[in-house]
Amino acid sequence: MTHRSTAPQDSRPDSTTSVLEAERRRLINLAYRMLGSLAEAEDTVQETYARWYAMPPRQREAVASPGGWLTKVTGRICLDVLRSARARRERYVGEWVPEPLPARTEWPTGATDDSTADPADRVTLDESVSMAFLVVLEAMTPAERVAFVLHDVFRYPVSEVADIVGRTPAACRQLASSARRRVDASRAPLSPADQRADVVRAFRQAWEAKDIPALIGLLDPGAVAVGDGGGLVTASLHPIEGAESIARFFADRTLPGRLTVRERTVNGQPGLVAHVDGALVSVYAFDIANGRIRRIWAVLNPEKLRPWKSA
């Protein structure tokens, strides 16, 4: 998909137009969780609005819930994008990592809560935007992912999810349940926020100092680091495994006087951004449990760093 020009003004009352525009941010956040790409999420929402404005005025006026219509169309477009993404990912050079977000942007969901759902089965919006969570979503089928995001994250009733996914309510419950098991299996005890920030800060300091023992001490023995260059810049084509291997990899990649590493919020969690000669070159997200780094995701693909240019 490609970016489209701003849609023309709706002929309906200003209040309806305001409601439509107010939905845009929620839809982008929803689509981002479904697709793992802010660029694709924005394109999806643009396509949704293009379809809305392409309808004859009388047909638009007949829509009882414009917000519900927009959500349904966005979900269905996301399903199509996810189905085609598998072929595109097979052609992707190296490892594929979800596109990092430069800041946490949350909102009231505005969705009707499913009062029959067990609150213990829910995930928070904070958790659902973390890199660790998005990576788990990547392992799901398109239908599982859409059903899970709509039902467990955004709390849409199963009946509405079924209409979007094109399955029966019973089938959607099974999809969400299967996805929930994947998420539960991946969860680890989460370190307190201040401790996570301290670990990331210590990692930055040890990296800049090329202190290999200190880096090893901050990493879980079974830690894994994944780099995403997309074939556009140099990045490791395969994950780096083990604390010592990761420590030596980072220690070998310091550029005195040229490399600057700063602490930033990445997908709602403590992370790092690296600049070389003042130009942004990479963003790092971390999965930290029990005070140790379990996973590092390094995004170097310049196409995925677009949101960070103006952040």
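**Helix packing and pockets**

Modeller: This is a predicted model. Start with helix α4 (residues 66-90) and helix α7 (residues 142-153): their axes come within 9 Å and cross at roughly 145 degrees.

Biologist: What makes the residues between α4 and α7 a contact?

Modeller: Contact means heavy atoms within 4.5 Å. T71, G75, L79, L82, R83 and R86 of α4 meet that cut-off with P142, A143, R145, V146 and L150 of α7, so these residues form the contact. By class, the contact has six nonpolar, two polar and three charged residues.

Biologist: Which hand does the crossing of α4 and α7 have?

Modeller: The crossing is right-handed.

Biologist: Now the largest pocket. How do you know that S130 belongs to its lining?

Modeller: A lining residue has an atom within 4 Å of a pocket point. S130 is one of the 32 residues that line the largest pocket, so S130 meets that cut-off. S130, A132, F133, D287 and R294 lie nearest the centre. The volume is about 670 Å³.

Biologist: Which classes make up the lining of the largest pocket?

Modeller: The lining has 19 nonpolar, five polar and eight charged residues.

Biologist: What lines the second largest pocket?

Modeller: The lining has 29 residues, with T234, R253, S282, Y284 and L300 nearest the centre. The largest share, four residues, comes from β5. By class, the lining has 21 nonpolar, five polar and three charged residues. This pocket holds about 580 Å³ of space.

Conventions: Residues numbered from 1 in each chain as written. Predicted model: local features only at pLDDT ≥ 70, side-chain atom pairs only at ≥ 80, totals over all residues. Heavy atoms only, no water. 1 Å grid on protein atoms, 1.4 Å probe; cavity = no way out; pocket = protein on both sides within 12 Å on 5 of 7 lines; lining within 4 Å. Points joined across faces, edges and corners; volume = space filled by probe spheres on them. Nonpolar A, V, L, I, M, F, W, Y, C, P; charged D, E, K, R; others polar. Helix = DSSP H or I, 4+ residues; strand = E, 2+ residues; numbered from the N terminus. Axes fitted to C-alpha atoms, helices over the stretch in contact; angles between N-to-C directions. Left-handed = near helix turned anticlockwise from the far one by under 90°.
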